[in-house]
Amino acid sequence: KKDGTEASEEYMQALLVSYADLSVPGLSSGGARLSKELEETELHQYMSELLDKWLEAGAEAKKKWVLYAVSVHGGEEIVPVFWKQIQEWPQHARGAMAAEAVKALALNSSADALVMVDQIARKFKFRQVKAAAGAALSYAAEQLGISRDELEDRIVPNLGFDQKMEQIFDYGDRLFRVYLSPSLEVEVFDENGKKLKNLPAPGKKDDEAKAQAANNAFKLMKKQLKTVVGNQKLRLEQAMSVERLWTVEKWQEFFVKNPVMHQFAIGLIWGLYEDYEASHHKELKATFRYMEDGSFNTVDEEEYELPQEGLIGLVHPIELDEE
């Protein structure tokens, strides 16, 4: 336990029973309460062993609660194991178990897990698993007490870029700086600041293992960037048509702190709206642009002070006058 004492066998059984007893597998309030007192790294290990034992015993369907207990308390280390099983099971006529695993995976607290579920929901060979992933995202949002939209905001990956929109690819002997441009393209520079068309192939002087790993990571990042940008374009169009609003705090979290969304944010016109819950209509109070240097500007190019409270949304041309 966190206090240094050892958890008794009964204590651990109580934790597992809180999942085994659920009529519909999912989050367990008893499980959450009991796990609070346990040392996290050891709990992760315990859960990983539980998963191994269940898999070795043939992954019995009537004990599928194991998937949920392990996903909730197993940390991000168990994500790759789930991914492997989700790929394998449908090929052995166990699509239903793969669908359960996806539902369970959506309850893992790591961003990796949700990105994976999101990916399965958009593109997966087996229709049953793909549908389960879509339902799992809605279910996970419901269990977390947030909307599906908010959950999807949370899981946009930063693809390795820092807040300066930069990341470094190390070839051992050579370093390359890669930037995400405002048009969401990748720009590569060598150590002398010379712009290159692309990340070069590893050469004889480079550290073979490092250079190959960096080159592979770059290719994967470019592929993911294309997917993320495509998905987010659609989501922002949708946000505009359904007049979605973010609180100032949520807006900053999503559009300022995430490097990919930051580059979207600087190319759009934003509005500050009056809370319209009570009156059932929203009123545009001010418009602003978010600048690359982190400041905010009004239509007259004056600096705009972003208030701490309020709601922010995408401005539609019909809300603005001609001028």
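Let's start with Lys-285 and Glu-274. In this predicted model, they form a salt bridge, with the closest N and O atoms 4.0 Å apart. Lys-285 sits in strand β7 and Glu-274 in strand β6, so the pair ties together parts 11 residues apart in sequence. Lys-285 is partly exposed, at 47% relative accessible area. Glu-274 is partly exposed too, at 39%.

Why can such pairs form? Side chains of opposite charge can pair when their charged atoms come close.

How many salt bridges does a search of the whole structure find? The count is 19.

Take Glu-152 and Arg-235. Their closest N and O atoms are 3.2 Å apart. Glu-152 lies in helix α9 and Arg-235 in helix α10, so this bridge ties together parts 83 residues apart in sequence. Are these two buried or exposed? Both are buried.

Next, Arg-174 and Asp-206. This salt bridge has its closest N and O atoms 2.7 Å apart. Arg-174 is in the loop between β1 and β2, and Asp-206 is in the loop between β4 and α10. Arg-174 is partly exposed, at 28%. Asp-206 is buried, at 9%.

Now the helices. The axes of α7 and α8 come within 7 Å and cross at roughly 130°. That makes α7 oblique to α8. The crossing is left-handed. The residues of this contact divide into 8 nonpolar, 1 polar and 3 charged.

Compare α1 and α3. They pack at about 65°, with axes 13 Å apart. Their crossing is right-handed. Met-12, Leu-15 and Leu-16 in α1 meet Leu-43, Tyr-46, Met-47 and Leu-50 in α3. By class, that is 7 nonpolar, no polar and no charged residues.

Terms used
Residues numbered from 1 in each chain as written. Predicted model: local features only at pLDDT ≥ 70, side-chain atom pairs only at ≥ 80, totals over all residues. Heavy atoms only, no water. Axes fitted to C-alpha atoms, helices over the stretch in contact; angles between N-to-C directions. Helix = DSSP H or I, 4+ residues; strand = E, 2+ residues; numbered from the N terminus. Parallel < 35°, antiparallel > 145°, perpendicular 65-115°, else oblique. Left-handed = near helix turned anticlockwise from the far one by under 90°. Nonpolar A, V, L, I, M, F, W, Y, C, P; charged D, E, K, R; others polar. Contact = heavy atoms within 4.5 Å. Salt bridge = Lys/Arg side-chain N within 4 Å of Asp/Glu carboxyl O. Buried < 20%, exposed > 50% of the residue type's maximum accessible area, 1.4 Å probe, protein only.
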